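Please keep the structure in view while reading.

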Amino acid sequence: MSDHDHGPAKGLLRWVTTTNHKDLGSLYLWFAFIMFFVGGFMALIIRAELFEPGMQFVDPQFFNSMTTMHALIMIFGAVMPAFVGLSNWLIPMMIGAPDMALPRLNNWGFWILPFAFAMLLSTLFMDGGAPAGGWTMYAPLVLQTGDAFPFVIFAIHLMGISSIMGSINVVATILNMRAPGMSLMKMPLFVWTWLITAYLLIATMPVLAGAVTMLLMDKFFGTSFFSAAGGGDPVLYQHIFWFFGHPEVYILILPAFGIVSMIIPTFARKPLFGYASMVYATASIAFLSFIVWAHHMFTVGMPLSGELFFMFSTMLIAVPTGVKVFNWMATMWRGAMTFETPMLFAIGFLVMFTLGGFSGVMMAITPVDFQYHDTYFIVAHFHYVLVPGAVFSIIAAVYYWLPKWTGYMYNETLGKWHFWLSAISVNITFFPMHFVGLAAMPRRYADYAVQYADFNAIASVGAFIFGFSQLLFLYIVIKTVWFSKQESKATDQVWEGAEGLEWEELTSPPAYHSFTVPPVVK
Amino acid sequence: MAHSKDAYFVPHSTDYWPIVGSVGLVGMVGGFAAFLNGMPIGEISMIFGLVVFLIMFWGWFRVVIKESHAGLYSKQVDFTFRWGMGWFIFSEVMFFCAFFGALFYARSLSLPWLSGEGSGSITHENLWQTFEYVWPTNGPAGLGGDFEGMGPWGLPLINTLLLLSSGITLTWAHHAIVKGHRTQVIIGLFLTVLLGAIFMGFQVEEYIHAYKELNLTLETGIYGSTFFMLTGFHGFHVTMGAIMLAVILVRVCMGHFTPENHFAFEACAWYWHFVDVVWLGLFVFVYIM
């Protein structure tokens with residue numbers, strides 16, 4: 001096995017045929033980056049239209065298509081592939097493995113995505129337009145979609161197949177490829193959170209596939225899963241969808257918990273406070289995610305017992321999440337803190353994710369949710385947990401590991417600019433939405449009553465600042481990857497307080513196959 | 001971590017099969033979507049996609065089998081394959097769960113509500129005052145017209161016995177492969193595939209009976225929807241499983257397996273047992289109850 005350390009193949013086809021975890025990690029991350037801008041562009045169309053009351057730029061149908069596509073692209077095209085990309089890059093390096101366990105499947109998992117999203121985006125040009133019934137695709141509204149309908153259903157099937165392949169690979173890698181001495185309770189928290197996320201994906205993506213298959217059958221083959229006339233129930237769709245959908249939101253946040261748990265100890269120069277409790281909290285959150293789904297549908301007219309059960313089970317989630325927030329703060333307590341860009345984004349995550357968590361607890365209270373349901377309050381809530389939550393964690397991860405991946409430091413001054421521009425503008429965008437939401441402005445409308453005008457104008461200004469700030473991020477990454485100068489060479493450890501196999505045992509950048517001989521973990 | 005000691009396997013061939021698989025997949029589902037929209041390109045694209053997809057399976061497995069025979073796979077790779085197949089089957093279980101969930105929800109919640117019970121009774125009062133819930137039902141509007149439900153004690157019972165026997169013959173083949181008795185493996189596998197094929201024949205018979213004599217179709221309200229989707233997806237999985245076992249049978253005849261190294265056989269056997277168990281669920285919840 002002398003040629004284990006062979007380098008990458010030559011030419012562009014290398015990227016099509018590669019089975020290397022670093023190549024595929026980069027492909028996933030660049031794909032996610034592109035989709036982040038595509039979805040972001042759609043968000044700016046939404047915010048431009050909502051800048052003032054009345055109809056300005058787009059017709060209502062197209063506006064609804066934009067809200068639907070923005071969500072589908074950001075969830076399935078940006079955040080999930082970005083996390084998979086990070087898992088590809090980092091898990092083998094963190095557990096002392098040379099590569100992922102199923103390298104060919106890894107390639108296939110990625111190379112389904114460009115096809116799936118080409119199919120999804122092509123619906124923009126079809127008769128009847130792109131899907132406009134919301135990303136949740138509730139029956140019967142979504143059944144009115146034009147030619148786009150079957151293409152959306154199959155695009156979602158493809159994304160699901162890709163996610164399941166990626167997850168099986170992650171599970172097999174973590175359970176089977178750890179270096180000698182790397183026991184489960186020594187694994188870095190990012191690895192733990194991804195292991196649990198992978199289980200969530202394997203358990204829920206097939207359920208989504210089932211739900212959209214039923215939609216397809218109802219539309220084209222005359223079944224009545226979601227039609228009361230035939231004895232079915234439209235609410236049944238919501239139950240099946242959210243049985244997938246709630247674990248899905250934890251799929252979007254658990255790896256973020258992992259990332260933050262890696263970054264904060266480094267820059268606080270203290271080990272993570274309460275490692276074991278972090279692991280158990282993550283597992284508890286994952287378990288609870290399967291028994292809270294109907295809090296997304298408090299207003300559909302469930303039996304009282306159902307409303308109560310889902311209210312209390314939802315509130316329970318605040319306990320393990322609180323454990324995590326407490327542990328992150330305790331890690332920083334009396335630490336020798338410095339505030340490089342990854343740390344800034346991690347702290348931004350901590351503060352603003354917690355804020356989004358609080359509004360989540362508010363909506364868990366069933367009678368109160370009756371007021372908030374489908375208003376901008378929920379839009380504010382999930383954007384707080386997804387933008388300064390999930391997206392900030394991904395950005396933090398890129399700044400944190402980019403010097404390890406490329407061997408060069410990014411520009412710290414520009415990174416700080418990126419953070420402050422993002423952190424301020426994200427609050428300008430989403431904080432006012434709490435107010436208009438509590439004042440009952442409904443979501444998913446192209447127009448609104450005049451009393452909401454001021455806060456909407458502010459939100460739109462914030463959105464444009466946030467959107468354009470991300471171009472700075474793109475510039476910083478491109479400059480670091482391709483145009484770094486020799487004097488910005490990173491050390492192998494990169495960060496003074498960084499611990500773990502990828503910092504202590506590998507060069508910056510690491511070899512094509514990191515650990516051809518497994519390190520011994522003490 | 002004893003199993004990490006073996007050297008890691010790095011694929012050295014240039015791997016075009018995944019991208020070929022993607023082209024096949026998108027050709028199939030994109031073609032099907034186009035077909036559903038009545039676009040003429042649909043059928044051609046579906047056939048093209050299917051052919052490419054099958055070529056991919058053939059080519060990909062060929063590479064893997066060659067590598068396996070060349071002794072490139074360590075104990076670690078074997079473990080990986082086991083984890084992979086196990087969790088793949090788990091994902092399939094969850095797919096069936098969605099359809100079983102729909103059946104349970106309709107029968108124990110939404111149909112009683114439609115007939116005036118509990119918190120959903122207002123729909124009954126306003127829209128379907130005469131509806132009484134008796135399973136099987138095609139709903140308050142009687143979609144698809146008068147029909148009869150599928151009884152459990154004719155073909156479905158025979159099918160249950162067939163699938164259970166196929167589980168036994170497969171296990172017999174498994175014991176034989178471990179002991180190195182090739183003739184017994186071949187007979188056992190052949191019987192399993194044969195029982196699967198007879199099962200599928202009876203399923204087709206049952207569908208014809210449903211459509212022609214019972215007026216039970218996909219459009220027969222929630223009963224028809226759940227009946228055909230659950231048994232249909234199960235039948236599809238039986239077909240897949242039987243094809244997989246048939247390939248294994250050919251490979252046994254070609255002498256591909258040893259008493260120590262026969263994971264492909266085991267993976268397909270796991271899959272077959274999973275299909276078996278799903279059928280038991282179907283027999284109880286779809287046919288009997």
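What percentage of the 289 residues in chain B do buried residues make up? The share is 36%, where a residue is buried if 20 or more other C-beta atoms, placed from the backbone, lie within 10 Å of its own, exposed if 12 or fewer do, and partly exposed in between. This is a predicted model, in which local features need pLDDT of at least 70 and side-chain atom pairs count only at pLDDT 80 or more, whereas totals for chains, interfaces and linings use all residues. Residues are numbered from 1 along each chain as its sequence is written, and chains are lettered from A and ligands numbered from 1 in the order in which they are written.

Chain B contains 8 helices and 0 strands; helices (H or I, at least four residues) and strands (E, at least two) are DSSP runs, numbered from the N terminus. Its order of elements from the N terminus is accordingly α-α-α-α-α-α-α-α. The C-alpha trace of chain B spans about 70 × 45 × 40 Å along its principal axes. Of the contacts in chain B with a separation of 6 or more, 69% join residues 24 or more positions apart, a contact being two residues whose C-beta atoms, placed from the backbone, lie within 7 Å.

Between the chains, 60 residues of chain B are in contact with 64 residues of chain A. On the chain B side, helix 1 (17-36), helix 3 and helix 7 (221-253) each supply at least two residues, and helix 3 gives the most, with 22 residues. That side divides into 35 nonpolar, 22 polar and 3 charged residues; Ala, Val, Leu, Ile, Met, Phe, Trp, Tyr, Cys and Pro count as nonpolar, Asp, Glu, Lys and Arg as charged, and the others, Gly among them, as polar.

One helix pair shows this contact in detail. The axes of helix 7 (residues 234-251) of chain A and helix 3 (residues 75-114) of chain B come within 10 Å and cross at roughly 135°; axes are lines fitted to C-alpha atoms, for helices over the stretch in contact, and angles run from 0 to 180 degrees between N-to-C directions. Helix 7 of chain A is therefore oblique to helix 3 of chain B, since angles under 35 degrees count as roughly parallel, over 145 as roughly antiparallel, 65 to 115 as roughly perpendicular and the rest as oblique. Leu236(A), His239(A) and Ile240(A) meet residues of helix 3 of chain B, among them Ala98(B), Gly101(B) and Tyr105(B).
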